[in-house]
Amino acid sequence: MVDLSTLNDMQKKAVLQTDGPVLILAGAGSGKTTVLVNRIAYIIETKNVRPYNIMAITFTNKAANEMKERVERVVGDLSRDMWLCTFHSACVRMLRSHIALLGYSNDFVIYDTSDVKTLLKECYKELDIDEKNYPLRAVVSIISKAKDNLQDPQIFKAVNSADFRMSKIGEIYELYQKKLKSNNAVDFDDIIMKTVELFAQNGDVLAQYQNKFKDISYIMFFT
């Protein structure tokens, strides 16, 4: 499966280094995906790692689809047992199996931008908040940033307790999360945050995935 003759010296070094973490810094068109694909094939061939135990993950759907196609061309049907996906799709897959531990049903829905705005407007009405004073777009952005920083409403409110405006946004955030949960819904930013929450609160679930994935590869495409 692996043809090292097509690789340059640095690419070969990355493919053959299978013990411990490997960091590859390279620009566009330099062969990052080629290295990743051949490294996966090499690990399967020489390290007795099952495809089931391999995850290759990236950020965009475009990059994930390219990765899937190229891995499949090299290893064939073995790729079907691997997790070749984006961060968010991997997290959704985990949440579908375990989110009941966080008080949701496994058939939760993922709200899009329109759904988010509609739900926030409900929060504004319930809290008697004038949208002119708290523009919806700005509040969406602040809540999104909070989730990127893994700040739940309680942490967000504590961090911003001395700031009246941010404290009010914390109230909006808190009610928004309660309404999401009552609707058995998450937004896009929740996908990663809820997965982190799942692992933090359930060590057995974390251990399950730590034992499952013997090799994890991450690739980011720069344009």
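Which residues of the largest nonpolar core touch the most other members? I opened the notebook with that.

**Ground rules.** I am working from a predicted model, where local features need pLDDT of at least 70, side-chain atom pairs count only at pLDDT 80 or more, and totals for chains, interfaces and linings use all residues. Residues are numbered from 1 along each chain as its sequence is written, and side-chain values use heavy atoms, with hydrogens and water left out.

**Largest core.** I took a nonpolar core as a set of buried Ala, Val, Leu, Ile, Met, Phe, Trp, Tyr and Cys residues joined through side-chain atoms within 4.5 Å. Buried is under 20% relative accessible area, exposed over 50%, and partly exposed in between (1.4 Å probe, protein chains only). The largest core has 22 residues, and Leu-120, Tyr-124, Val-139, Ile-172 and Tyr-176 touch the most other members. I found that α5 (113–127), α6 (136–148) and α8 (164–182) each supply at least two of its residues. The most comes from α8, with 7 residues. A second, separate core holds 20 residues, including Met-55, Ile-99, Phe-108 and Phe-199.

**Tyr-176.** I listed its contacts (heavy atoms within 4.5 Å). Leaving out residues up to four places away in sequence, Tyr-176 touches Val-116, Leu-119, Leu-120, Cys-123, Ile-143, Lys-147 and Asp-187.

**Second largest pocket.** A pocket here is an open set of points on a 1 Å grid over the protein atoms alone, where a 1.4 Å probe fits, with protein on both sides within 12 Å along at least five of seven lines; lining residues have an atom within 4 Å of a point. I noted 15 lining residues, with Met-55, Ile-57, Met-94, Phe-199 and Ile-216 nearest the centre. The lining divides into 13 nonpolar, 2 polar and no charged residues, where Ala, Val, Leu, Ile, Met, Phe, Trp, Tyr, Cys and Pro count as nonpolar, Asp, Glu, Lys and Arg as charged, and the others, Gly among them, as polar.

**Cysteines.** I counted 0 disulfides, a disulfide being a pair of cysteine sulfur atoms within 2.5 Å. The sulfur of Cys-85 has its closest cysteine sulfur in Cys-91, 8.7 Å away, so the two are too far apart for a bond. Cys-85 is buried, at 11% relative accessible area; Cys-91 is buried as well, at 11%.

**Whole chain.** I read off 10 helices and 5 strands, which are DSSP runs (helices H or I, at least four residues; strands E, at least two) numbered from the N terminus. The C-alpha trace spans about 65 × 35 × 30 Å along its principal axes. Of the 223 residues, 43% are buried.
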